[in-house]
Amino acid sequence: MPLAVMADILKPDLCIIGAGALGTGLAIKARQRGLDVVLVDRGTDEAGDPRQGSLLRAAFAASAERAHFIRTAGALGLDNAEPKPNFRAISEHASAVAESAGPRDSTERLTALGIAVHVGNTAFVDRQTLKVGDSVVKARRFVLATGARPAVPELPGLESVPYFTPDTILDNMRKLSHLVVIGGDATALELAQAYRRLGSAVTVVPHGALLAGFDVEIVAILLRALADEGVEIIEEAAAVSIQPRNQGTGVTIRRADGSEQALDASHILLALNRVPDLDPALLEKAKLRRDKLRPDQLLLGANGQTSNSKISAIGGAAGEYRPQAAARQADAVLDQVTGSRAGADPARIPRLVTTSPALAQIGEVETLKALRPGFLVLRAAFVENDAARATGTAYGTAKLIVGRNGAIRGGTVIGPAAAEIVAMLAIAMDRRMSAADLAHLSLPDPSPTSMLADLGAQYVAQQPPTPWARRRAALRKLLP
């Protein structure tokens, strides 16, 4: 039966497939710009919903941080005590915090905003037509916001044992005796520290690079801080097999020198990044090409454009798992649809690791290679910052990469308020402020953010006086 006979055909400006936080946020922004929007709710939570996942981990980490404060109160003149975590209460609290975001994006609110929400089985019936339940959609542009699921490696024996992923571990209601974390991304280290602070023995097996893409010097500082809290990190090691046991689980790892070691684990967490959730039943008729080098991902052009000119992908569906970067992708797609100017440079999107100390970075970072001619690196240590000293902060530094003529090219911060400092740096870069401009910022003191002014002052102090400044100095000497 022809589609036109089966149901009315909807022809919106934009059809967003995936009603998680990212898809819903895009729908609201699109409606605010006057676009006709259809939001497709597939009837299940989108994999790796950035809001839910971030809120869950943040609330769980907050409980772990309180436990750490109790255990280390002696550093500030109070009595130390050993906390007694109630994992059921901690899990229920974290879930309640995450669920509290739900009413803001309810179907009723979205409908009131003028967004048409359709729920049901969803699949493309050809390259330009989507069927949702009994509805048919022929949109000017489709956007895949279907999220990403945790990556699961092919490890011998893994299929025979239970394991956690970042999406399931916070449902746990019991203390974990010895958690082996397989993976070395931000989420792996965040959860490793949180469980260690709540009394579990924790071993991290990176199974690849640790915090790939981050400044290696700053990463080394973070790893030292985690080790001081008792997190065992076996660098340059990979898991090679899993052995089911009557009690617990065996994990065989291989080090860089080829030697092998057996670990006894009570539980396993797989935190090996994510893979796009690309449902074959949804996309088969859309005829989207895959990336030959990464067949689990779509072949994408600029701003998430797929091989089908009517379909774009954002967030997890596009292989981008950082919420802030995914939001920028959504903005870029919206700019394309409305004919607006393209969004900001992706290199200026901050990256964050919410451990304690937190690590944040933006733009270019220092590598083992020599800097380009005219570039320099400025450093400031938290031990010299009054606010950090007052709280007994033991770790922390800020680095600023400065290009020719004082242009701010990037920065990395590890320590208190790292996210806030890098957020201010992002604003400075967007406004094309120079390193010298940072020296003139009026920032609260004591505050960790005052380190930006310190870095700016360092840059000014290293610059030779201008010809005009030299002439003024000479004139002052001539005056009586």
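**View 1. The largest nonpolar core has 39 residues.** Ile169, Val181, Tyr195 and Leu211 have the most contacts inside this core. A nonpolar core is a set of buried Ala, Val, Leu, Ile, Met, Phe, Trp, Tyr and Cys residues joined through side-chain atoms within 4.5 Å. Buried means under 20% relative accessible area, exposed means over 50%, and partly exposed lies in between (1.4 Å probe, protein chains only). Several elements each supply at least two residues of the core, among them helix H3 (50-71), helix H4 (87-99) and helix H6 (186-197). Helices (H or I, at least four residues) and strands (E, at least two) are DSSP runs, numbered from the N terminus. In soluble globular proteins, nonpolar side chains tend to be buried together.

This is a predicted model, in which local features need pLDDT of at least 70, side-chain atom pairs count only at pLDDT 80 or more, and totals for chains, interfaces and linings use all residues. Residues are numbered from 1 along each chain as its sequence is written, and side-chain values use heavy atoms, with hydrogens and water left out.

**View 2. Leu211 and its contacts.** Contact means heavy atoms within 4.5 Å. Neighbours within four places in sequence are set aside here. Leu211 then touches Gly184, Asp185, Ala186 and Leu189, among others. Its contacts also include Val219, Leu222, Val353 and Leu359.

**View 3. A second, separate core has 25 residues.** Its members include Leu378, Ala380, Val413 and Tyr459. Tyr459 is also in contact with Ala436. Ala436 belongs to helix H12 (residues 435-438). What else does Ala436 contact, leaving aside its neighbours within four places in sequence? Val460 is the other partner. Ala436 counts as partly exposed because its relative accessibility is 22%. From Ala436 to Ile169 is 46 Å in space, C-alpha to C-alpha, and 267 residues in sequence.

**View 4. Gly230 sits in a loop.** The loop runs between H7 and strand E12 (232-233). Is Gly230 buried or partly exposed? Gly230 is partly exposed, because its relative accessible area is 36%. Leaving aside neighbours within four places in sequence, Gly230 contacts Arg196 and Val202. Val275 is 45 residues from Gly230 along the chain, and their C-alpha atoms are separated by 31 Å.

**View 5. Gln297 is a buried loop residue.** Its loop joins helix H8 (280-283) to strand E18 (311-313). The relative accessible area of Gln297 is 11%, so Gln297 is buried. Gln297 and Asp257 are 40 residues apart in sequence, with 32 Å between their C-alpha atoms.

**View 6. Two cis peptide bonds, at Pro357 and Pro446.** Most residues other than glycine have a negative phi, and most peptide bonds are trans. The bond between Ser356 and Pro357 is cis, with omega about 5°. Pro357 lies in the loop between strand E19 (351-353) and strand E20 (359-363). The bond from Asp445 to Pro446 is cis too, with omega near 10°. Pro446 is in the loop between H12 and helix H13 (451-462).

**View 7. Positive phi at Ala417 and Arg432.** Ala417 is not a glycine, yet its phi is positive, about 60°. Its loop lies between strand E23 (408-414) and helix H11 (418-430). Ala417 is partly exposed, with a relative accessible area of 26%. Arg432 is not a glycine either, and its phi is positive at about 55°. Where is Arg432 found? Arg432 is in the loop between H11 and H12. Arg432 is exposed, because its relative accessible area is 68%.

**View 8. The chain as a setting for the close-ups.** The chain holds 14 helices and 23 strands. Along its principal axes, the C-alpha trace spans about 100 × 65 × 45 Å. Of the 480 residues, 45% count as buried. Residues 24 or more positions apart account for 65% of the contacts with a separation of 6 or more.
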